[in-house]
Amino acid sequence: MKHSSYAYFCSLAILALFWVFSPSPVFAAVTTPTYDIGPTTLRDIWVDPSGGNDTNDGTARHKALRSVSAAWNLIPTTRPLSGTGYRIMLTRGTYPESVLPTEGIFFEKHGTKPFPIILQGADGPQTAVFTRPLNIQDVRYFYLIDLDIRAPISGGNTLQIANAK
């Protein structure tokens with residue numbers, strides 16, 4: 001009886017080693033597709049949903065605005081950007097509906113290839129968390145980087161994009 005238990009254990013150990021060191025595609029490194037936006041000129045606008053203040057100018061982390069809405073309103077509307085693009089740097093935290101543009105709608109901002117608009121988690125992937133769906137309308141050259149959208153889905157879209165380029 002002891003002999004068959006030992007053989008069973010050895011078989012499992014060999015199988016486990018094969019599974020761990022197998023060159024199988026299951027264990028191959030997963031790569032995330034990337035897109036090179038090319039050379040850009042950007043002005044950073046910092047947002048901190050818990051420690052920021054919308055009376056700040058947003059030019060540095062320690063001068064962060066509180067709301068994404070205030071940052072969005074600093075970007076010129078209805079004309080293509082020239083001279084500088086804008087990168088809204090979102091510090092670690094949760095971004096509820098109260099700090100977003102009305103109804104989560106980002107609209108009528110026209111970035112260009114050298115002067116885009118970027119909404120980015122400043123502290124890495126999934127550190128800036130949105131708790132409502134986002135709606136992007138008539139926005140051009142707009143990039144979402146390192147964001148986590150955890151909006152409850154109740155028959156709608158978590159991210160809706162319309163008339164955007």
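This is a predicted model: local features need pLDDT of at least 70, side-chain atom pairs count only at pLDDT 80 or more; totals for chains, interfaces and linings use all residues.
Residues are numbered from 1 along each chain as its sequence is written, and side-chain values use heavy atoms, leaving out hydrogens and water.

**The aromatic pair**
- Three aromatic pairs are counted, taking rings of Phe, Tyr and Trp (its six-membered ring) with centres within 6.5 Å.
- The rings of tyrosine 95 and phenylalanine 130 have centres 5.6 Å apart and planes at 35°, so this pair is tilted (under 30 degrees is stacked, over 60 edge-to-face, the rest tilted).
- Tyrosine 95 sits in strand 3 (residues 93–95) and phenylalanine 130 in strand 6 (residues 128–130), so the pair ties together parts 35 residues apart in sequence; strands are DSSP runs of E, at least two residues, numbered from the N terminus.

**Sheet 3-6-9**
- These three strands form an open sheet with parallel pairing, where pairing takes at least two DSSP bridges.
- Strand 3 and strand 9 (147–149) are at the edges with a single partner strand each, so one side of each has no neighbour in the sheet.
- Three bridges join strand 6 to strand 9, and alanine 128 stands opposite leucine 147.

**Sheet 4-7-10**
- Here too, three strands make an open sheet with parallel pairing.
- Strand 4 (105–110) and strand 10 (159–162) are its edges.
- Five bridges pair strand 4 with strand 7 (residues 134–140), and lysine 109 has valine 139 as its bridge partner.

Key
Helices (H or I, at least four residues) and strands (E, at least two) are DSSP runs, numbered from the N terminus.
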